[in-house]
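Visitor: I would like to learn how to read a helix and its surroundings. Please show me the model.

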Amino acid sequence: ETQVILRAMKKYGLILADNGSPWFINGVPDDRWNNGALTEIKRLKGSDLEAVDSWDMLVAPHSGRVRPEFVPPPAPVVAPAQ
């Protein structure tokens, strides 16, 4: 389960904020996740990450929007296994 989150972070990126406990992950609660397994992410160190300057992607300062040429195509929808 932790690998799923780490792969998503690698593919889609993440916003790292310095305003809470170390490696706190915020999200919507979901009973399908094993919250205990998520603590494995705390093994990460800042040196495990690569910082990306996203300034050139912005439509305007403080807009929170990116220019269309930087928006990745939507991920394909995969039907769950039955």
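Guide: We take the helix, then the segment after it. This is a predicted model: local features need pLDDT of at least 70, side-chain atom pairs count only at pLDDT 80 or more, and totals for chains, interfaces and linings use all residues. Residues are numbered from 1 along each chain as its sequence is written, and side-chain values use heavy atoms, with hydrogens and water left out.

Visitor: Which residues of helix 1 are buried?

Guide: Buried means under 20% relative accessible area, exposed over 50%, partly exposed in between (1.4 Å probe, protein chains only). Helices are DSSP runs (H or I, at least four residues), numbered from the N terminus. In helix 1, residues 2-12, the buried ones are Thr2, Ile5 and Met9. They sit on the same side of helix 1, because their arc around the axis is only 65 degrees. That arc is taken from the directions from the helix axis to the C-beta atoms.

Visitor: Which exposed residues does the face turned away carry?

Guide: Arg7, Lys10, Lys11 and Tyr12.

Visitor: What does threonine 2 touch?

Guide: Contact means heavy atoms within 4.5 Å. Leaving aside neighbours within four places in sequence, threonine 2 is in contact with Ala37, Leu38, Glu40 and Ile41. Its relative accessible area is 7%. A polar contact of 3.4 Å joins its side chain to that of glutamate 40. Polar contacts are pairs of N or O atoms within 3.5 Å; within protein, one must be able to donate a hydrogen and the other to accept it, and residues adjacent in sequence count only if both atoms are side-chain atoms.

Visitor: What phi does glycine 13 take?

Guide: A positive one, about 85 degrees, just after helix 1. Leucine 14 also lies in the segment after helix 1. Leucine 14 is partly exposed, at 42% relative accessible area.

Conventions: Helices (H or I, at least four residues) and strands (E, at least two) are DSSP runs, numbered from the N terminus.
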